[in-house]
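Here are my notes on the model you sent. Please read them with the structure open.

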Amino acid sequence: MANDASTSPGETRGADFIRQIVNDDRSSGRWQGQVVTRFPPEPNGYLHLGHAYASLLSYGIARENAGRFNLRFDDTNPSREEQEYVDAIRADLRWLGLDWEGREFYASDYFEQLYAWAEALVRAGKAFVCGLTAEELRSYRGTLTEPGRNSPDRDRSPDENLALLRGMRAGDHAPGSLTLRARIDMAAPNLNLRDPVMYRILDATHHRTGDAWHIYPSYDWAHGQSDAIEGVTHSLCSLEFEDHRPLYDWFVEALGIHHPRQIEFARFNLSHAVMSKRKVRRLVDEGHVSGWDDPRMLTLAGMRRRGYTPEAIAAFCADVGVSKRDKVIELARLEHFQRQHLNAIASRRMAVLDPLRVVITNWPSGQVDHLPAVNNPEAPEAGSREVPFTGELWIERDDFMEDPPRKFFRLAPGREVRLRYAFFITCDEVVKDADGRVVELRCRYDPATRGGDAPDGRKVKATLHWVSAAEALRAEVRLYDRLFVSEQPEEGGADFLDGLNPDSLELRPNAWLEPALADARPGDPIQFERLGYFAVDPESRPEALRFNRVVGLRDGWSRGKGQPD
């Protein structure tokens, strides 16, 4: 059964295989029953929905077991890392509701310790300095069916290796000329154990350590040892790191240090989206989107800007569950959780995106009637507000047809409809411009129907939303759709950019909103009645209002279709 959108950060329902492992470890007294988890992002881009899933999983397991949760930046590649990404990652995780209680660490905090351990492995004959080029390293490595070949430098003495390593650190050697490699087994079936690189020489300035280092640890060398330094008990990783686990085990056993337990889980992909950081970066760098926070992206910054809520993301991630098999999940499923949450909390407001003028011919000149309107029918405690009604209104253009088909029940010549919270009106006259386009409707209102009901009991078949032309606020509304038209953009080896949706953004620059929206702020949940859920864009200004559509009103997935309506 789907979880509702009230899920707390990291919460799930039922025991998955990871939680069962953690429970078993605690019951057996392993690590004195302690649970320490971590989330280790690389600060080379913005977090996306997959990172939200991973961080919430580790955070939730720590919370459920009264344990500790660490945030650690695995900042081992200065050529791609920036402080901007560190700040963005922090902001995203805080927005999700994660609290690492000051336990914010960096792999760069451990550079001295990692180097000391590297020297220890060199002295023990378990690491050596190699002069093979990057191309030669690939050639010597072998394949899945053929063993690798030993480096010509593999049997160099520990003293020689130590001198070369110290020279690498001192900057005595050119970038790319030497690497430090673990001395394991070039015939190992697991390619990760074929004398992997531990250090490489890089001429790059680190965002935290500056130019203090000329060598930087590989991810595989720094990752497991950083976990060990922090006393991590359960190191949760996505499934692609399963083949790296024997290498992490070899390192900590060779060093004789704390040995975390690594547990792998399957990632998920979402339909009509890409979640590879490399591909997301390409979308940004090549200008296919406006930036990392483009509301069409599944980066957390983009989702936040669009109007997604952390509660809905947590509920979706909990519902996805934990498994060992990769899967593709319908984007409509994510939208379902967002819609469900917003339905409960969003203030209802009226907005007209494609306006058509309506003149109420029998309305008293200059009169303004303030009509009570419900703020949220799902939350009576939210109360009501007043909306102004005047003699000139805006309605949606597609709520009128001059020659309607049989099943069109909205406004048409001679037809009576209800205006939401207001009156019954009847269209008497259609005004067109020189090109024959409808530009105005002249209608009568029935004063006896104030509030939307007729005393004589007559019924109408349609209720329309509207705003007062004199009192409304002008705004730009952005209607976002899926970034990709294809369900799986990377399927069949095609360039994922070929599947971009040319209609993923539709601008409505001349929308009109009811006056109550003047005070709306980014993060305020809002439903434009009959249109969908919307959010104030962070770049919105009082003199230039801007709103983004989060999701529409209709939900096909929750009815078991697995497809949006």
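1. Helix H2. This helix covers residues 49–64 and has 16 residues. At 1.5 Å a residue it should span 22 Å, and its end C-alpha atoms are 22 Å apart, so the two agree. The expected span is 1.5 Å times one less than the number of residues. Helices here are DSSP runs of H or I with at least four residues, strands are runs of E with at least two, and both are numbered from the N terminus. Of the 16 residues of H2, 13 are buried, so the helix is largely enclosed by the rest of the structure. Buried means under 20% relative accessible area, exposed means over 50%, and partly exposed lies in between (1.4 Å probe, protein chains only). Ala66 follows H2 and has a positive phi, near 50°.

2. Basis. This is a predicted model: local features need pLDDT of at least 70, side-chain atom pairs count only at pLDDT 80 or more, and totals for chains, interfaces and linings use all residues. Residues are numbered from 1 along each chain as its sequence is written, and side-chain values use heavy atoms, with hydrogens and water left out.

3. H1 to H2. Glu64 forms a salt bridge with Arg19, with the closest N and O atoms 2.8 Å apart. This pair links distant parts of the chain: Glu64 sits in helix H2 and Arg19 in helix H1, 45 residues apart. A salt bridge is a side-chain nitrogen of Lys or Arg within 4 Å of a carboxyl oxygen of Asp or Glu.

4. Arg26. This residue is in helix H1, residues 17–28. Arg26 is partly exposed, at 36% relative accessibility. Leaving aside neighbours within four places in sequence, Arg26 is in contact with Gly33, Val35 and Asn65. Contact means heavy atoms within 4.5 Å. Val36 is 10 residues from Arg26 in sequence and 12 Å away, C-alpha to C-alpha.

5. Other salt bridges. The structure holds 50 salt bridges. Asp25 and Arg30 form one at 3.7 Å, N to O. Asp25 is buried at 5%, while Arg30 is partly exposed at 35%. Arg282 pairs with Glu286, the closest N and O atoms being 2.9 Å apart. Arg282 is partly exposed at 31%, and Glu286 is partly exposed at 44%. A network of salt bridges links Asp293, Arg305, Glu476, Arg478, Asp537, Glu539 and Arg546.

6. Positive phi. Most residues other than glycine have a negative phi. Asp195 is not a glycine, yet its phi is positive, about 45°. Asp195 lies in the loop between strand S5 (179–182) and strand S6 (197–201), and is buried at 2%. Tyr421, also not a glycine, has a positive phi of about 70°. Its loop runs between strand S18 (416–419) and strand S19 (424–432). Tyr421 is buried at 11%.

7. Gln527. Strand S25 (residues 526–528) holds this residue. Gln527 is buried at 8% relative accessibility. Beyond neighbours within four places in sequence, its contacts include Arg348, Arg349, Tyr533 and Leu553.

8. Whole chain. The chain has 12 helices and 27 strands. Of its 565 residues, 54% count as buried. Among contacts with a separation of 6 or more, 71% join residues 24 or more positions apart. The C-alpha atoms fill a box of roughly 100 × 55 × 40 Å along the principal axes.
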